[in-house]
Amino acid sequence: MAFRFPPTRPTRFTARWLARGLVAAGVALSLGWGGVLYAANQSVQGAKKEEAGFDGDAPTAILIEASSGSVLFEKNADELRAPSSMMKLMTAEVVFNAVKKGDIKLTDEYRISENAWRKGGAPSGGSTMFAAINSKVSVDDLLHGAIIQSGNDACIALAEGLSGNERLFASDFMTKRARELGLTKSTFANSNGLPDPGNKMTVRELGVLARHIILDYPEFYKLFGEKEFTWNKIRQPNRNPLLNAMEGADGLKTGFTKEGGYGMVGSAVQNGTRLIVVVNGLEDSEDRATEAKKMLEWGFRNFETRTLIAADQPVGYAKVFGGESRSVKLVAKTPVKVMVHKNGGDKLIARIVYSGPVRAPVQEGQPVGVVRVWRSGQIAVETPVYAAEAIGTGSTMRRAIDGASELVIGMFRAGAEKL
């Protein structure tokens, strides 16, 4: 069932739907550039050409605007596939985070074990930084080798240096950190993406990870744009073909295995807008580069950023249980922005979703839920919302009335579910 609300003043929500449990508040905006906002029930996977305006050849793909996280295009974005060397982004993030927290230093040195040398070094026949067996290499140089040269030996050395064992690193470091970042589907069996049934990621989660690295580690992100690195007197170019093929391209990582096909996580900035593209499952490296470039160019050419809701502007209300007030005003601490087609006509969908009713007392600034915006059936952006005011505990009578109301609602819902 869908709800349509009449347009009102720009960026002002005018209606809400509140229910016990998981609550979805449908909201409406007059967007000013021809967009119409509806309330809806679900997002759609595998966008069609006429809906998204882009017909991609990659089996799985996603295009994201970095600042807002707005999704411009997606195709089978939640399908798990072998990420190949793109998985090195997770290893890099674990190391970045450890450095940021002060657990390790860039000057710390890790030994290149026989295991790292045989599985990922010169004898392996795969991508390597050619680190010598039993040599000691700094964390900084290992990061250069892993990111620029896609060195499997560098990743294994980092994994062994941090945890003592690569398998332990994959389970206790990579997986744990992925869950902290909200990557709920990704699984890891090693540090570098070499073939293993346990290595699985979606292009959506690769995009989320890339966005996190770009926004949270700007000092480390510069590594992804370096075009070459020399180690052990062997100079190797960056394997990312976008760096020399597209204006503003500065990251991130390519990957290939027979199981996963050719894939790429790429990013570029043009006119102050950064886009992130992820493709996977292509049949050759040229198609990978062409597809990523084509998708980025389409995004830059056809979209622009619009602010739907300013920071700290009310976005709606949440129902309160047992409070001095029966509802609490909600705000977003950051602007809710979405990328829209430059030619207008976008149909946007917005819902405020929270678990409720919210029990009193409610603290000002308390997280309550999220506002989700869909564009053409795809989730475009999701932004947390918070209580804009404090709501104290209500009287005994108020709590009793609210309790009775929730009991009746629960009974009706239980009856409806049996029908």
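# Notebook: salt bridges, a sheet and a pocket

**Entry 1. Glutamate 304 and its partner.** I looked up glutamate 304 and noted that it is partly exposed, with a relative accessible area of 26%. I record here that the model is a predicted one. I then looked for the partner of glutamate 304 and found a salt bridge with arginine 306, in which the closest N and O atoms are 2.9 Å apart. Arginine 306 also counts as partly exposed, at 28% relative accessibility.

**Entry 2. Salt bridges in total.** I asked how many salt bridges the count comes to. The count is 16 salt bridges. I selected further examples from this list.

Entry 3. I noted a salt bridge between glutamate 74 and arginine 204, with the closest N and O atoms 2.7 Å apart. Glutamate 74 lies in strand S5 (residues 71-75) and arginine 204 in helix H7 (residues 203-216), so the pair links distant parts of the chain, 130 residues apart.

Entry 4. I turned to helix H9 (residues 285-302), which holds both lysine 294 and glutamate 291. These two residues are three residues apart, about one turn of the helix. They form a salt bridge whose closest N and O atoms are 3.5 Å apart. The two partners fall into separate classes of accessibility: lysine 294 is partly exposed at 31%, whereas glutamate 291 is buried at 3%. I also recorded that Asp57, Glu291 and Lys294 are linked in a network of salt bridges.

**Entry 5. The five-stranded sheet.** I looked up the order of the strands in the open sheet and wrote down S5-S4-S12-S11-S10, with antiparallel pairing. Strands S5 and S10 are at the edges; each has a single partner strand, so one side of each has no neighbour in the sheet. Neighbouring strands are turned by 5° against each other on average, direction ignored. Helix H9 packs on this sheet and touches strand S4 (60-65), S5, S10, S11 and S12. The direction of H9 makes about 150° with that of S12.

**Entry 6. Pairings inside the sheet.** I went through the partner strands.

- Strand S11 (residues 261-270) is joined to strand S12 (residues 273-282) by eight bridges, and the two run antiparallel.
- Alanine 268 stands opposite leucine 275 in S12.
- S4 is joined to S12 by six bridges, again in the antiparallel sense.
- Threonine 60 has asparagine 280 in S12 as its bridge partner.
- S4 and S5 pair over four bridges, antiparallel.
- Leucine 63 stands opposite phenylalanine 73 in S5.

The hairpin of S4 and S5 has five residues between the strands, and glycine 69 there takes a positive phi near 80°.

**Entry 7. Strand S4 by itself.** I asked how many residues of S4 are buried. Six of the six are buried, so S4 is largely enclosed by the rest of the structure. I also looked at the directions of the side chains. In a regular strand the side chains alternate between the two faces of the sheet. In S4, Thr60, Ile62 and Ile64 point one way, while Ala61, Leu63 and Glu65 point the other way.

Entry 8. I located threonine 254 in strand S10 (residues 249-257). Threonine 254 is buried, with a relative accessible area of 7%. Leaving out residues up to four places away in sequence, I listed the residues that threonine 254 touches, among them Ser85, Met86, Arg239 and Arg288.

**Entry 9. The largest pocket.** Rolling a probe the size of a water molecule over the atoms shows where empty space is left. I noted a volume of about 890 Å³ for the largest pocket. Its lining consists of 32 residues, and those nearest the centre are Ser68, Gly69, Val208, Arg211 and Glu382. The elements that give two or more residues to the lining are S4, H7, strand S16 (336-341), strand S19 (367-375) and strand S20 (378-387). Which element gives the most to the lining of this pocket? I found that H7 does, with seven residues.

Terms used
Residues are numbered from 1 along each chain as its sequence is written. This is a predicted model: local features need pLDDT of at least 70, side-chain atom pairs count only at pLDDT 80 or more; totals for chains, interfaces and linings use all residues. Side-chain values use heavy atoms; hydrogens and water are left out. A salt bridge is a side-chain nitrogen of Lys or Arg within 4 Å of a carboxyl oxygen of Asp or Glu. Buried means under 20% relative accessible area, exposed over 50%, partly exposed in between (1.4 Å probe, protein chains only). Contact means heavy atoms within 4.5 Å. Two strands pair if DSSP finds at least two bridges between them. Axes are lines fitted to C-alpha atoms, for helices over the stretch in contact, and angles run from 0 to 180 degrees between N-to-C directions. On a 1 Å grid over the protein atoms alone, a cavity is a set of points where a 1.4 Å probe fits but cannot get out, and a pocket is an open set with protein on both sides within 12 Å along at least five of seven lines; lining residues have an atom within 4 Å of a point. Grid points are joined across faces, edges and corners, and a volume is the space filled by probe spheres set on the points.
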